[in-house]
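Thanks for coming. Please have the sequence and the 3D view open, and follow along as I go through a few places.

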Amino acid sequence: LFGLAPALQAARTELNDGLKESRLSKASGRPRLQLRNALVVAEVAMALMLLIGAGLLAHSMVRLMNNRLGFEPAGQVRLQLRLGDDAYSEEQRVAFTRDLLERIEALPGVSSAAAGWTVPFDFTGGGRCCWRTRFTFDPEAEPVASLVHPITPGYFSSLGATVLEGRELTWQDDALATPVPVLLNRTMAARFFGGDSALGRQLSFKSQGEQVQTVVVGVVEDVRRWGLAAGDEESVYVPYLAFGGQQEDLKLMVRTEIPLNQAMADGLRSAVWDLDPRLPIASIVTMDQRISSSLTEPRFYSFLLGSFAVLALVLAAAGIASSLLYAVGRRSREMGIRIAVGAESGDLLQLVLRQGMALTGLGLMAGIAGATALSSALESMIYGITPTDPPTFLAVSALLALVALGACLHPAWRAASTDPASTLRAD
């Protein structure tokens, strides 16, 4: 579409006007050159804005990928089941879970298995699950809201998370224990007890209308449960034997010594269907796959904006080169005269480079201003950096300046190679 205007203009050119060079034609060419330069500046500005957006997303992705998870995803398989509302009673759900874990741990290549209501990266789109309540350790103190995670023994071993203090839960921590043994995550322990040890401290909360007394037997590392960008919340881990049967969803983590293959997947399915052939299996995936899928959206936006940025960069470089070539062609007589009266080739080289870099500088200033004004649009899509991150702005501006300098070299070399004799002879 932009090519139609000059094409139509060229088609209407009069032969006499095209052959004669007059002051009028030179004067009419000056506004065209100024318009061309303005378009080059706009191209550079747009390219810089897109490059800055792509740079911010790429920088954010690097920050996300370098976040500590709080657990070891390698060698971990995630299995999700739904026991149904009516098919199993609470006691049957607990018994089924224990039998299933025993069968899975007996499979070749399995080193450990555990279950819970939630496992990391189940809910990465902003949703939260499952059981929230308030805990107190002093009747006069303000209750602290916390997530409650019923888990089986070996949960943190299978997860690859660190027990900072105390121990994990065992099968001896059954439903009849009073007070009920629980574990706190680091955030919950710090919230309640600051720098003091949490071991042996008692907490209480309500479950199904009854007050439950608990005792802390361990503190575990925080886990990025909701995604790479979300930290852990206050969490309390309670015995699955006591509370796990209240939820029909069952999530299992299986730590394997071999990669997940067809034989391993078939073995996991058989372990489930040997106990209940009617039970649907929602998914069998590795934790690495689950983490990768949580990055689908930011990866897509990074690729999309990066593709447009590269295209804009190429167009800006082409615009700079073509504009300078056009200017050098129009000033060929001037270049010949300069050389004839003693100008060096290096002087003409610098002249064209200065002109090209001046256009680039104007485009960079306009692009930085535009990117700063529009950067808030990316605020919800970036992590760990500000929308006006100085290193990203500087690095991208330097990259664009180098590309622009490269685009200026051919027109500058052409100007420096002007032959004064042939130029003046043609005049």
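Is Arg103 exposed, partly exposed or buried? Arg103 has a relative accessibility of 36%, so it counts as partly exposed. Please keep in mind that this is a predicted model.

Let me stay with that residue. The side chain of Arg103 meets that of Asp274 in a salt bridge, with 4.0 Å from N to O. Arg103 belongs to helix 4, residues 90-105, and Asp274 to helix 8, residues 262-275, so this pair ties together parts that lie 171 residues apart in sequence.

How many salt bridges does a search of the whole structure find? The count is eight. Here are some of them.

Glu234 and Arg191 form one, and their closest N and O atoms are 3.1 Å apart. Glu234 sits in the loop between strand 8 (210-220) and strand 9 (235-239), while Arg191 is in helix 6 (residues 186-193), so parts 43 residues apart in sequence are tied together by this pair.

Another one joins the side chains of Arg278 and Asp276, at 3.3 Å from N to O. Its two ends are worth looking at separately. Arg278 is exposed, at 70% relative accessibility. Asp276 is buried, with a relative accessible area of 5%. There is also a network: Arg82, Glu248 and Asp249 are joined by salt bridges that share partners.

Next, a charged residue without such a partner. Asp389 is in the loop between helix 12 and helix 13, the latter being 390-416. Asp389 is buried, yet it has no salt bridge. Which side chain of opposite charge is nearest to Asp389? That is Arg63, at 5.9 Å, and a salt bridge needs the nitrogen and oxygen to be within 4 Å. Leaving out residues up to four places away in sequence, Asp389 touches Leu56 and His59.

Along the chain, Gly384 and His59 are 325 residues apart, but their C-alpha atoms are separated by 8.7 Å. Gly384 counts as partly exposed, with a relative accessibility of 46%.

Now to helix 12 itself. Its 30 residues, at 1.5 Å a residue, should span 44 Å, and the end C-alpha atoms are 43 Å apart, which agrees. Buried residues of helix 12 include Leu348, Leu351, Val352, Gly356, Gly363 and Ala371.

What does helix 12 pack against helix 11 with, in terms of angle? Helix 11 (residues 332-340) and helix 12 (residues 345-374) pack at about 145°, and their axes are 10 Å apart. Helix 11 brings Met335, Arg338 and Ile339 to the contact, and helix 12 brings Leu348, Leu351 and Val352. Sorted by class, this contact has five nonpolar residues, no polar ones and one charged one.

One last place, in a strand. Thr286 is in strand 11, residues 281-286. Is Thr286 buried or exposed? Its relative accessible area is 18%, so Thr286 is buried, the cut-off for buried being under 20%. Not counting residues up to four places away in sequence, Thr286 touches Gln76, Val77 and Leu260.

That is the end of my list.

Key: Residues are numbered from 1 along each chain as its sequence is written. This is a predicted model: local features need pLDDT of at least 70, side-chain atom pairs count only at pLDDT 80 or more; totals for chains, interfaces and linings use all residues. Side-chain values use heavy atoms; hydrogens and water are left out. Axes are lines fitted to C-alpha atoms, for helices over the stretch in contact, and angles run from 0 to 180 degrees between N-to-C directions. Helices (H or I, at least four residues) and strands (E, at least two) are DSSP runs, numbered from the N terminus. Contact means heavy atoms within 4.5 Å. Ala, Val, Leu, Ile, Met, Phe, Trp, Tyr, Cys and Pro count as nonpolar, Asp, Glu, Lys and Arg as charged, and the others, Gly among them, as polar. Buried means under 20% relative accessible area, exposed over 50%, partly exposed in between (1.4 Å probe, protein chains only). Lys and Arg count as positive and Asp and Glu as negative; His and the chain ends are not counted. The expected span of a helix is 1.5 Å times one less than its number of residues.
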